[in-house]
Structures are given as structure tokens and as C-alpha cells.
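Dear colleague,

I am writing to hand over a structure for your attention. Please look at it first; an account of what was found follows below.

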Amino acid sequence: MSAPQKKPKNLPAIALTPDDVIPHAHCPVCGGNDLVPYFELTFHQITIPYQRCRGCDLVFMNPVPNQDWYDRLYGQAFWETKSAKSAPEETQARQKQLIKELQRTEKLCATLDAAGCSPKPGARLLEIGCAFGLIISSIAEHYQATAFGVEPSELAAGFAQTLGGVDVIAPTIDQLSEMEPEPGQQMDVILFSHVMENVVDLNKVFKAVDRWLAPGGVVLMETPNSTVQNSTHIYHPYCFSQASLRQLFGGHDFEIVSLRASGRPSSTLIPRYLTLLAKRGADGGQATPSGPNGGFDRRLGHGWREAVKRTPLVLVDRILTSLLYAPGDAAKRRASDLAAAHLAGAHLADEDGG
Ligand SMILES: [Zn+2]
């Protein structure tokens, strides 16, 4: 069980030089140049400015660290917090996270069903950034479909394969975008659950989607809703709103089937997440930004969140959320079994690796 090579809990400082960043002269989503300062993120003495595009309301890092830099950061950070907790604490924290993922899964299935896009038995479902594979394997099980994944962490991909039966076909979206699917290998659903905001190059995402999405297939994604909550974070080159997602998908010839803001499963009153379902459009006619967007809805959204947090509404929210979004017994049991299996597997991996 001992792993002498474990690094300390805190992230080590990582330098960011001018060679590590890419400046954007225009908005990376709509190509506009009506950009205003939005926020300055500080991370281990590194300052990263965010700008907001007044054309499409996208908030983005500018300049943005390149993928190599992020790969180094992820490589250093991935398992570092794991060893800081005792085994029972670790299992409990993992269990909580798994319950949330199972609830997220239910929400994603409900989104597909409500739009009449439920996958047929035997359909092929691909999750980009599938981690341990819980979400995509649960969705696949629900629809009697087959689960595929893209995941850079070898350890997580191993779990996804052995515990979830997820076929991990590539480590990264970059590599997926270079691979040509053979006939019959394209995907009926491509899922991004809290992944699109982490990507450096959105064009590569759409290049991969263009190649891998089957005719009639859908893209399903969830991301933080930056209209109600500041979602700037060292791992988030982009912070999306409904307007910027419409522009992003419209600009790549996708038609939005549904786009909803909802706090499920974390909050009833604060619509913290955006869930989008899109399919290829007949033609890309709707890609012109309506701007200039003064950011009024953003000020209103952030104000509403503050109002909930600073008043007794926070209690109302807590009660409503526990009533409306309580996890079922089956989800709790499944999470508990999986947390134990993950932990046992992680310790085996430690022993193998150490
Ligand atoms: Zn824009």
C-alpha cells in the first residue's frame, strides 16, 4: 500500500512562459473583436486574464495556455490529492462523487428522452473524457447500447474498461480527431459531461465530432452555466452561456435540439448547469451573433445567485434540492459498491506501480 514516490498534497508550482500560451486576436467562437476584460485568475503566482466577447457572450482565457502546458499540469495534479485522506474518508468522498455522477446520468437520459432522441438498443455511445466510465456505462446499460470512451489517464481508462465495460478508443480528443472511423464505427451519441470547458482548441473537438458522429447522431453536453456563477478556473479555458453555446454549435453547422439551464442535481433555485443536445443542421444559417451583448443577463444571474446564498433562500434551496433530487437507494448502493471497487483497484495499481 505504501507509495514512497507520492507527491505532497498541494500542487507544485508550474511556470507559465510566453512560449506556453496562445493569444487570441479574435473571439474563438464567433470571430468577433469586441472583447472586454472579464476577470483575472491567479494560480500559483500565475495570472491568467479572461475576456468576454460582447458579440456572443463567450468568456475565455486570453492568452490561453497551450495543450502541452495543460498536459504537464494534469500529469502533476492527477493523483496528488488522493493519498491525503484516510481510506474511509476516501471511500466516502468517492461515494458522494459517484452518487452525483449517477444523478447526472439520470438527467442526461431524461434530456435524450424528452427530445425524442433516446438511443436504440445496440447504439454506439462515446464519452469524451469518460474518466472511470461510470456515466457512459450507466447510460449504455439503460438503453442496452454499447459504451465507448476517450480518456487520457491510463488508470482511469483501465477502470472504465474492466469495471464499466467501456471500450476506450483513444487517449485524447486530439488523437481521436486524427483517427478515421471505419464503416459502422461512427457514434450515435457523443457525450461531453463537464469537458467542453476544459478543451484548449474547440476546432479540434468539432473536427473529431465531424468524423465520428454517425448520420442522424446527436451531441449531448453539460457544462457550468457562467450566466449565474463565475466558472473561471485554471482548468477552464472557456466559460459558456446559452448565447455562446448557440453560437459555437450554430457556427459548426449544428442545430440545437434542446438547451436548458438547471441546477439538477445540486440546486433547485440556482440553474448552475447548461445541458445541450444538438444534431447536424441542414445548413448553418444561424451563426450570426445578435450582439452587442452588454452582459445584463449575466449581472442578473450572478445577482440572483448571491441573493440565494446570502438569505434564508439558501435553506429553501437546500430543502427543495434534498426533496426533489434525492438519490434513490439503488444509486446509493451502486455508488457504495463502486467506491469500494475503485479503492481496491487503486491500491492494487499503487502496489504495481510502486
Ligand atoms: Zn464571440
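**Strands and sheet**

Strand β3 and strand β4 (residues 59-61) pair in the antiparallel sense over 3 bridges. Here strands (E, at least two residues) and helices (H or I, at least four residues) are DSSP runs, numbered from the N terminus, and two strands pair if DSSP finds at least two bridges between them. Within this pairing, Tyr50 stands opposite Met61 in β4.

Please note that this is a predicted model: local features need pLDDT of at least 70, side-chain atom pairs count only at pLDDT 80 or more, and totals for chains, interfaces and linings use all residues. Residues are numbered from 1 along each chain as its sequence is written.

Strand β3 (residues 46-53) also pairs with strand β2 (residues 35-43), in the antiparallel sense and over 8 bridges. Pro37 stands opposite Gln51 in β3. The two strands β2 and β3 form a hairpin with 2 residues between them, and His44 in the turn has a positive phi of about 45°.

These pairings belong to an open sheet of 4 strands in the order β2-β3-β4-β11, with antiparallel pairing. The edges are held by β2 and β11 (238-239), each with a single partner strand, so one side of each is left without a neighbour in the sheet.

**Helices**

Helix α8 (residues 296-310) packs with helix α9 (residues 313-324) at an angle of about 90°, and their axes are 5 Å apart. Axes are lines fitted to C-alpha atoms, for helices over the stretch in contact, and angles run from 0 to 180 degrees between N-to-C directions. The angle makes α8 roughly perpendicular to α9 (the class for 65 to 115 degrees). In this contact, Ala307, Val308 and Lys309 in α8 meet Leu313, Val314 and Asp317 in α9; residues are in contact if their C-beta atoms, placed from the backbone, lie within 7 Å.

Ala93 lies in helix α2 (residues 87-114). Ala93 and Ala339 are 246 residues apart in sequence, and 8.8 Å apart in space, C-alpha to C-alpha.

**The chain as a whole**

The chain has 10 helices and 13 strands. Of its 354 residues, 37% count as buried. Among contacts with a separation of 6 or more, 69% are accounted for by residues 24 or more positions apart.

With kind regards

Key
A residue is buried if 20 or more other C-beta atoms lie within 10 Å of its own, exposed if 12 or fewer, and partly exposed in between; C-beta atoms are placed from the backbone. Two residues are in contact if their C-beta atoms, placed from the backbone, lie within 7 Å. Angles under 35 degrees count as roughly parallel, over 145 as roughly antiparallel, 65 to 115 as roughly perpendicular and the rest as oblique.
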